[in-house]
Amino acid sequence: MRILSAVVALLLGAAALLVGIGQKTFWAPPEMATATLSAPLQDAPLTVIEPAVGEVHADAVDITIESSGEFTAALGRSGDVEAWVGDARHNVVSGVDAEEWILNAEYVDGEAEVPNPAGSDLWVATETADGQLVHRWTEPAEGDWSLLLSADGTEPAPATITVTWPNDASTPFAVPAIIAGALLIVLGLALAVRAGRGGRGRGGPARATAPTGQGGAPQRTGAATTAQTERTSAAAPARPVRRLAAVAAAALMALLPAAPASATPSPSEAASESAPASEGADPSEPTDGDASPEGTTPADPGSEPAVPAVLLETQLERILESVEGAAATGDKSQDSKDLSGRFAGRALELRKTNYEHRSDGVDIAAPVPVAAGPVLSAAVTTSTDWPRTVTVVTQGQDATVPQVLTLRQESPRENYKVVSAVSMLPGSEFPGIAVGDPSIATLPLDAAGLVMTPAQTADRIARVLDNAENQHAPSFAKSVFIDATHQAQTEVAEDNDDARITYARSVDRDSITASSTPDGGAIVSVYVTSTMTAEPKEDGGTVSLDEASAKLAGASSTKDQAVITYGESLVMYVPAEGSDEQVRLIGGDVVQLGAEVGS
């Protein structure tokens, strides 16, 4: 009977071991899970892979993209990707069915063709491939990120997509089966050994005869010795069985695959680790569990999360490098067409005018070169609506003073363009703002919370430049630009006693941009057109023009009126409401636009 039990135990143990080890080896699920599309995507110029795809697993997620030709994969904030796509026809891969290993996809009808999105400033990173690309899902900063796939905006975007991630499918019965199998084999071996020893006992070992002493009485001492020997012999088989069990268990455990280490300690480990820390602790003091990590502040449950800036530092650097290159090319060729990709509005107009005047032989200085860096300060908006505004202070190696660049992105499919490029004034200070400061936002022209709104600031500085005695003059801090403007206007009037000279400035309201600063103030930039009109005080009088104006007007003097126009680019700091500070003029440039004579 023991032999039969041993055989059964051995067979069951072997079967359990086979199942357990098999689940860990040749029957184990694949290490990587792969999800595919359940049906082919329809032709569309764009394919959007939404953030849920990359969040299917906490560890690495690889997206394999296949196409018949060259294509681009662009990574951007989900809101920016959605805004760029707009009404275009596109496919959306919205998530992964992790149970069925299927990608969820949807087709959205719309515009059949779009511009090529490859060069957009919205993208944090782009990858170009021909045929196939394996993209490792990354999130460069907080927030939701999406991947935009395209060919060139006209040809179909890639439509073959697979997503791969580490497979967490477990085999919960593998280890119990291996342990059970090992125990059954040990039991079977033990039964077999005992059965073998029992068989030898029934074969007739010599019967012990108790020695007799004198008179035939049994010798008690000998009987005790014989009994002790029998007990020892009966217990002896247990020791080899225990040794056999230990050897078998060690051999079987060596076959077990190593289990992954757990990041969570067991209850006993956690108790032993925390016990020393709690010894002698003052109940009134906070425990480690109540303390905030070093260098952090507990979050306020009622506070809103910080809003990220619309550009990461790497994006801003790339944009500024492109701006610098466009400016250098245009300044060298003196062709404004070379600027159109990165300059717009008054900044484009001023450089174009400069090129034309110098080509006509007017003796004026070339535009100040634009430097991509180093970036001394950067007010990058967190406002996600368009237009978006960025104000940056840079200073090139050969520049004597920094330059304030204001860039604006009018719509999602347009790139950032310089709308103002102004030299900082000697002695002026621009607020130190780090790239990505979450307190920066684009402000409307009537923004409250300032000592004066951005629109009021623009209008009042124009009036103050016209007349030093203007009622708003005390609201502005002393400035070399304001003083130099008033001095120049006074000298022109004194040098032309026989002429009646008037000044009038008009504000280009479309040029006004305003961004908040971390201290509650604002940076305001504006373009002002300054017109000087000179006419003789008496009939027959003459108005003389300087050399540059004479060249532009085609005459050195006139008995009629002369009209000379200038463009003034200004940047100001406006303090927060309630501050006793004055508005400060930070940067200012003047460019002569033209001169005309005649009535």
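Helices (H or I, at least four residues) and strands (E, at least two) are here DSSP runs, numbered from the N terminus. With that convention, Arg-388 belongs to strand E10, residues 388-394.

Before I go on, a word on the source: this is a predicted model, in which local features need pLDDT of at least 70 and side-chain atom pairs count only at pLDDT 80 or more, while totals for chains, interfaces and linings use all residues. Residues are numbered from 1 along each chain as its sequence is written, and side-chain values use heavy atoms, with hydrogens and water left out.

Let me begin with the chain as a whole. Its secondary structure comes to 12 helices and 18 strands. Of its 599 residues, 40% count as buried; buried means under 20% relative accessible area, exposed over 50%, and partly exposed in between, with a 1.4 Å probe and protein chains only. Contact, for this talk, means heavy atoms within 4.5 Å. Among contacts between residues at least 6 apart in sequence, 71% join residues at least 24 apart.

I return to Arg-388. This residue counts as buried because its relative accessible area is 1%. Its side chain is joined to that of Asp-80 by a polar contact of 2.9 Å. A polar contact is a pair of N or O atoms within 3.5 Å; within protein, one must be able to donate a hydrogen and the other to accept it, and residues adjacent in sequence count only if both atoms are side-chain atoms. Beyond four places in sequence, the residues that Arg-388 touches include Leu-122, Val-310, Leu-407 and Tyr-416. The charged end of Arg-388 also sits over the ring of Trp-386, 3.8 Å from its centre; the criterion is NZ of Lys or CZ of Arg within 6 Å of the ring centre and within 35 degrees of the ring normal. Trp-386 is in turn joined to Pro-387 by a cis peptide bond, with omega about 0°, and Pro-387 is found in the loop between E9 and E10. A cis peptide bond also joins Gly-373 and Pro-374, with omega about 5°; Pro-374 is in the loop between helix H9 (345-359) and strand E9 (375-380).

Next, the aromatic rings. How many aromatic pairs does the structure hold? There is 1. The ring centres of Trp-84 and Trp-123 are 6.5 Å apart and the planes lie at 50°, so the pair is tilted. For reference, rings of Phe, Tyr and Trp (its six-membered ring) pair if their centres lie within 6.5 Å, and planes under 30 degrees apart count as stacked, over 60 as edge-to-face and the rest as tilted. The pair links distant parts of the chain, with Trp-84 in helix H3 (residues 78-85) and Trp-123 in the loop between strand E5 (102-108) and E6, 39 residues apart. Both tryptophans are buried. Over the face of Trp-84 lies Arg-413, at 4.7 Å from the ring centre.

I turn to the largest nonpolar core. Such a core is a set of buried Ala, Val, Leu, Ile, Met, Phe, Trp, Tyr and Cys residues joined through side-chain atoms within 4.5 Å. It has 26 residues, of which Ile-49, Ile-63, Leu-103, Leu-147 and Ile-161 touch the most other members. The elements giving two or more residues to this core are strands E1 (32-37), E3 (62-77), E4 (90-97), E6 (125-136), E7 (145-150) and E8 (160-166). E3 gives the most, with 5 residues. Leu-103 has contacts beyond four places in sequence that include Leu-37, Val-93, Val-96, Ile-161 and Val-163.

Two further polar residues deserve mention. Arg-89, in the loop between H3 and E4, counts as partly exposed because its relative accessibility is 25%. Its side chain makes a polar contact of 3.1 Å with the side chain of Asp-109. Arg-89 and Leu-46 are 43 residues apart in sequence, yet 6.9 Å apart in space, C-alpha to C-alpha. Gln-592, by contrast, lies in strand E18, residues 584-597, and is buried because its relative accessibility is 14%. The side chain of Gln-592 makes a polar contact with that of Ser-549, at 2.9 Å.

Finally, two backbone exceptions. Trp-101 has a positive phi of about 60° although it is not a glycine, and its place is in the loop between E4 and E5. Gln-334 likewise has a positive phi, about 55°, without being a glycine; Gln-334 is in the loop between helix H8 (313-333) and H9.
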